[in-house]
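Here is a short tour to read alongside the model on your screen.

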Amino acid sequence: MRQAAPWIIGGAIAVAAPFLVTNGYLFHLLIIAVIWSILATSLNLVLGYTGLLSLAHGAFFGLGAYCSALLVTKAEWNFWATIPPAMAVAAAFGTLLGLLTLRLSGHYFAISTLSFGIVVSLVLEKWDDLTEGPRGISSIPAPTPIDLFGWGTLDFESNTSKYYLALLALALCLLFVWRLVHSPIGRALEAMRQNELLAACLGVNLVFYKLLAFSMSAAMAGLAGVLYSVYITYINPIDAGLWNGFYAVMYIVIGGMGTFLGPVVGTLFLVTLPELLRAFQDYRLLLLGILLILTMTFLPQGIVGGARTLHRRWTGR
Amino acid sequence: MSPFLIQQVANGIMVGSIYALIAMGVAMIYGVMNVPDFALGAKAMLGGYVAFLFTATFQQSYGVALIGSIVVLGLLGIGVERWIFRPLAGAPPINGFISSFGLLLVFENFALLAFGSTYRRILSPFDRQVVHVLGASLTMQRLIVVVVAIATMVGLHLFIRFTAIRAVAQNRRGALLCGIHTERIAGVTMALGSALAGVAGALVGPIAMVYPTMGETLIVKAFVITILGGMGSIVGAIVGGYILGLIEALGAMYVSVDYKDAFAFGLLVLVLTVRPQGLFGKAAR
């Protein structure tokens, strides 16, 4: 029970947030932070638990967003029906990219994913007939209302409902990651991260497990993109560019690589921090860069990892 | 060969020189420090701005501006190695990569705050003189890019061959055992690599513009080139730079101008599937 208490409190705060945060702009940031948390959680599966630095997650995010937005605006699909194909497209690209690059180690992988990200945003920008080019896709409608069979309809026009939608998606993703990490697959990933050679000798099929983690992670990143497109109602090729992937890396590193809640903590911290430092608005990214370097130097395990170390020292365990 | 083709080849060699300079910096730094320096493109951008300051603000000649970028970026490289990469020595390599990404953020946003987002042009007296080579007409500046780049790369390559940098790149621990001050060598390498990027920025400034995000595509292409040439192989980086420059120039002519920036990726896919260790790399993985 003592184990569960922090989770229940955290969950309750997350559910009550729309009533606690009355400032409209802060609430907007909170929704954004929840959506980015999904992206960061998906990347954490690869970066944190498997030890692969993927810089293609911005592209998977963008692919999911574009896929859903195009199906909704051009083919007039029901929003809910676009989620599976959007995730599948992201996962398919992830699998293809993984097949090509996962046999390589370390820096080769990072650089290959980086250039994949560039090509995706380039194609989205130049394929004007399909993607509207640099103008992007605007006025993406809110999710289709759900008919509750006589109990009225559930619509998603308000920000509060979109917040709960994103929160539900985040909770599902976290649950998925939790279950995965504590399954035999998760143990294989952990073994690979710690010592690839030893894991291979123990019979772990490295490429298979990496590919599995990578494509699942890509699908999750695609889901984050879908939610982003439907919340912001506008996407352009820049959303699929490198920076979203970079920011996700930053959120994870500062929150704590390979910790379960690190990505969420890091995202919340970094999305809301600039508001606390409003005076430094122009210097935001400069300060973030410095913060990232300082974190790598002095606290490589991030906020969550650092807190865990402190906690252990405090309780003497 | 048609004059147009010769023109494109000449352009390809010019662009390839810039790529080769930065890729050589990446290969040097990777060889010694085992970190792909993601901030090197941003250092090229800073080199461009330094040259801009020297020519526009201090009214110096273009030659002085080139040397100025080398000196300023070299000093920056020493500082970066000492204060950012040296403390990370024992950490996993991924940490260095992430730190260099933090540096990229710092440099780009510093440039944005200091110089604004407007495109700046470095004034060079050589930009108006036209020379004719084999039927192609080139500005003197383009010729200077190629000549300076090749001279720098050959000189530096010889320098590396006969100094301890080579030893450290081959085996850091072995070099340390032989009494080589590996940390100092890392500093020197970082300084030289950064200076290479600085030269590249100052050279390309009069042709293309100088702006805060100009380094992003440069560094990604330099990375692709180092994979093409084999990670850490300096000759591979130089050859790869020219290969990519030529492929882009000819591809833009025969295939598509819109997707010019995607050719690097196509090349990467090809290399990764056919020869993952790169053209000049040892089969290590």
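## A helix in chain B

Helix α2 (residues 40-57) of chain B has 18 residues. From first C-alpha to last it reaches 25 Å, close to the 26 Å expected at 1.5 Å a residue (1.5 Å times one less than the number of residues). Helices here are DSSP runs of H or I with at least four residues, numbered from the N terminus.

Of the 18 residues of α2(B), 15 are buried, so this helix is largely enclosed by the rest of the structure (buried: 20 or more other C-beta atoms, placed from the backbone, within 10 Å of the residue's own). After α2(B) comes B:Gln59, with a positive phi near 55 degrees.

This is a predicted model, in which local features need pLDDT of at least 70, side-chain atom pairs count only at pLDDT 80 or more, and totals for chains, interfaces and linings use all residues. Residues are numbered from 1 along each chain as its sequence is written, while chains are lettered from A and ligands numbered from 1 in the order in which they are written.

## Two helices in chain A

In chain A, α11 (residues 242-255) and α12 (residues 262-276) pack at about 110 degrees, their axes 7 Å apart (axes are lines fitted to C-alpha atoms over the stretch in contact, and angles run from 0 to 180 degrees between N-to-C directions). α11(A) and α12(A) are therefore roughly perpendicular (65 to 115 degrees).

## Where the chains meet

The contact takes 36 residues from chain B and 32 residues from chain A (contact: C-beta atoms, placed from the backbone, within 7 Å). On the chain B side, α4(B) gives the most, with 14 residues.

Technical notes
Contact = placed C-beta atoms within 7 Å. Parallel < 35°, antiparallel > 145°, perpendicular 65-115°, else oblique. Buried ≥ 20, exposed ≤ 12 C-beta atoms within 10 Å, placed from the backbone.
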